[in-house]
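Reader: I would like to learn how to read strand pairing and helix packing from a model. Could we go through them one feature at a time?

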Amino acid sequence: MGNTFVMLKPIIHGLMKAVGMTSQLVEIESGTTMHFWVPTKSIHPNNKLSNKPPVLFVHGFVANGIMTWLFQILSLSSDFAVYVPDLLFFGDSITTRPERSTTIQADCLAKGMMKLGVEKFSLVGLSYGGMVGFKLAQMYPHMVESMVMSSTIIEMTESISNASLKNIGFTNWPDFLLPKTVSGVKQLLSIGSHKLPWLPEFFYKDFHEAMFSNKKEKVELLEALVVNDKDATIKAPNYSLRIYILCGDDDKIFNMTFSDDMKEKLGKNTTIQYIKNAGHLVQLERPCTYNHYLKKFLSSL
């Protein structure tokens, strides 16, 4: 792991402890373990689950749960019971199962939350995590009370995939999301942002080293993600729950056309909010504005 992230780890763990969060490995089944950050009180033997509303944050493809959602955890953990998993092959989550679809990710997330004693929750999904979230709500509709979807689509059909890749100038997802070089990391983060701040060269090198473990499995996840248009499993979305689309207005990967189209498909229970001067990584680029809208929606339920 890169030096920057080795140095950051104890600081982040200290921050988590300060806001009442703890790291937990959950065995989903033999050969499958998922790592979650959970409210410390929820795993104490003398404590029942908190009265705070539970919220599950599902990360995208570029980073694990904690690096994706750090600003949201720090902001929301006082009012909500926050759960932050690492999806399979990210962070400390691993499986010996051969499947690589969003279905297995969603299934393991739902089972993990059940094992943690949480039967109902709101779900916040970013990018790949949003697609996993839509799948989870389809498979376990009784568990998901509402969803906040950022920088995502319902499902990665071939037509959406081709249009999105064309927008960013790539021919396949692994070349973009699993860059082989440090300059590829810069390009990835630049396309993911409205305006990438200056970062020292060693950050990109360390990021490249730290974030791209399990590369073979991640390529397989991306290959399994794209489905033929006629094989789309979520053809006519009939989600009865409230859905809030919260996006940057300068998302170069899934632009406003994709988000507006998704809102139309999802129907009357779905609202949309664009955050100005924010890209795909909206929750990192504009955390205060993002958290304001996120809290407002979650508190209105």
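Reader: How many residues lie between β1 and β2 in their hairpin, and which residue in the turn has a positive phi?

Author: Bear in mind throughout that this is a predicted model. Two residues lie between β1 and β2 in the hairpin, and G31 in the turn has a positive phi of about 90 degrees.

Reader: Which other strands pair with β2, and in what sense?

Author: Strand β5 (residues 94-95) pairs with β2 in the antiparallel sense over two bridges, where T32 has T95 as its bridge partner. Strand β4 (residues 81-85) also runs antiparallel to β2 and is joined to it by two bridges, with F36 standing opposite P85.

Reader: Turning to helices, at what angle do the axes of α1 and α9 pack, and how far apart are they?

Author: A packing angle is read together with the distance between the axes. Helix α1 (residues 3-18) and helix α9 (residues 201-211) pack at an angle of about 75 degrees with their axes 7 Å apart, which makes α1 roughly perpendicular to α9. On the α1 side the contact is made by N3, T4 and F5, and on the α9 side by F202, F203, D206, F207, A210 and M211. By class, this contact has six nonpolar, two polar and one charged residues.

Reader: Why are α3 and α13 described as oblique to each other, and what is the handedness of their crossing?

Author: The axes of α3 (residues 65-76) and α13 (residues 287-299) come within 10 Å and cross at roughly 50 degrees, and the two helices are therefore oblique to each other. Their crossing is right-handed. The contact is formed by W69, F71, Q72, S75 and L76 of α3 with P287, Y290, N291, L294, K295 and L298 of α13, and these residues divide into seven nonpolar, three polar and one charged.

Methods. Residues numbered from 1 in each chain as written. Predicted model: local features only at pLDDT ≥ 70, side-chain atom pairs only at ≥ 80, totals over all residues. Heavy atoms only, no water. Axes fitted to C-alpha atoms, helices over the stretch in contact; angles between N-to-C directions. Helix = DSSP H or I, 4+ residues; strand = E, 2+ residues; numbered from the N terminus. Parallel < 35°, antiparallel > 145°, perpendicular 65-115°, else oblique. Left-handed = near helix turned anticlockwise from the far one by under 90°. Contact = heavy atoms within 4.5 Å. Nonpolar A, V, L, I, M, F, W, Y, C, P; charged D, E, K, R; others polar. Pairing = 2+ DSSP bridges.
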